[in-house]
Amino acid sequence: MSGQPASPTRRRLLMAAPLVVAGGVGVGFWRMLSGMTKGSFDPHDIHAPALNRPVPDFALPDQAPGQGFSAQDLRALKSPVLVNYFASWCIPCVAEMPVLNALKERLPIWGIAYKDKPEHALGFVQRAGNPYARIAADRDGLAAIDWGVSGVPETFLIGPGGVIRWHTASPITETMITNTIMPLADSLKP
Amino acid sequence: MKTHSLRHYGVIALLACLLFAPFVAMAVDDPSEMLPDPAQEQRAEAIGSQLRCLVCQNESIEDSSADLARDLRHVVREHVARGESNRQIMDWMVNRYGNFIRLKPPLTIGTLLLWVMPLLALCIGTGVAWWTFRRPRTVTPTPLTDEERRRLSDLTETR
């Protein structure tokens, strides 16, 4: 191109450039994929501005077999709870039920049934073995918008004083519990 | 006679389809969703077309038929009917879903690269073009080494 043959070092550098770029891209992808399996990276995650804010104002009625709750109930808490948005029509919610059932002894879980018929939500909870200490019904899904929920399942870790400390829009997994939820919940306990 | 009336029905059905086509295209599934005041409805549509559907992620809530999009359309219309400004409604949405809900990202530190990229690309492109097409420097070739000169004379002699 420039009329002068490229010097051997320059030629070697030019040959290495695509390899370096490909290597960089490879490392990037590898980090994303390993983050996805570890649960530290979620490409679908919407960075909820709710994090480290008090829970939004809401008051939701009972959903059988549980008792409903409001923002006041969460703000009055002295120890952490997990708030889990679910629905009987949601397949990933079915998948996370055994995990939630295994967790309920260590951390109280409060459920909110999202846009669900009362009888369907009741049937779902009974079939799943009810991991919830309390269950509220968000029938029109408007409280969910105040929480910044974009779909079910979505889960929030609420610290003392009703402050949202952690959030995920993916189904809860064992790894999430051991790596993130329990260490954080334990640090929030009085 | 019978076929005649059937054809009539066909024409009426076609007209009905054409009549309701605009509503279908806007994904406002139900005309009852719309505000009675056309000016307000137009404002609500303008706001909605700037809001990302969190379910389909690449569609606006006006275009999406997801449940959440319908709820958000409803919320936008409620706020518009209450007389809130576009800015207030946008802030309300961003407060809940973050800047991700805005289809047009605002200029912040995090989006700076995104916004200046066209300018940056133009500068880089100009730089590369200038570097490539500049007049080739007249370079004096490096003189032959003694070894090379000897080889050359060997070759020319055998010829």
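This is a predicted model: local features need pLDDT of at least 70, side-chain atom pairs count only at pLDDT 80 or more; totals for chains, interfaces and linings use all residues.
As a general point, nonpolar side chains in soluble globular proteins tend to be buried together.

Take A:Ala113. Which residues does A:Ala113 touch, leaving aside neighbours within four places in sequence? They are A:Gln63, A:Phe86, A:Ala87, A:Ala121, A:Ile135, A:Ala137 and A:Asp138.

Now chain A as a whole. Chain A has six helices and five strands, and their order along the sequence is α-α-β-α-β-α-β-α-β-β-α. Of the contacts in chain A with a separation of 6 or more, 76% join residues 24 or more positions apart. Buried residues are 33% of the 190 in this chain. The radius of gyration of chain A is 23 Å, whereas a compact globule of 190 residues would have one near 16 Å. Along the principal axes, the C-alpha atoms of chain A fill a box of roughly 80 × 35 × 30 Å.

On to chain B, and helix 3, residues 67–81. Its 15 residues reach 21 Å from first C-alpha to last, close to the 21 Å expected. The buried residues of this helix are B:Leu68, B:Ala69, B:Leu72, B:Arg73, B:Val76, B:Arg77 and B:Val80. What do they pack against? Helix 2 (38–48) and helix 4 (86–97) of chain B, together with helix 5 (142–147) of chain A. Just after helix 3, B:Gly83 has a positive phi of about 85 degrees.

Last, confidence. Chain B has a mean pLDDT of 83, with 79% of its residues at 70 or more. The model scores ipTM 0.77 and pTM 0.72.

Key: Residues are numbered from 1 along each chain as its sequence is written. Chains are lettered from A and ligands numbered from 1 in the order in which they are written. Helices (H or I, at least four residues) and strands (E, at least two) are DSSP runs, numbered from the N terminus. The expected span of a helix is 1.5 Å times one less than its number of residues. A residue is buried if 20 or more other C-beta atoms lie within 10 Å of its own, exposed if 12 or fewer, and partly exposed in between; C-beta atoms are placed from the backbone. Two residues are in contact if their C-beta atoms, placed from the backbone, lie within 7 Å. pLDDT is the predictor's confidence in each residue, from 0 to 100. The radius of gyration is taken over C-alpha atoms; the globule rule is 2.2 Å times the number of residues to the power 0.38.
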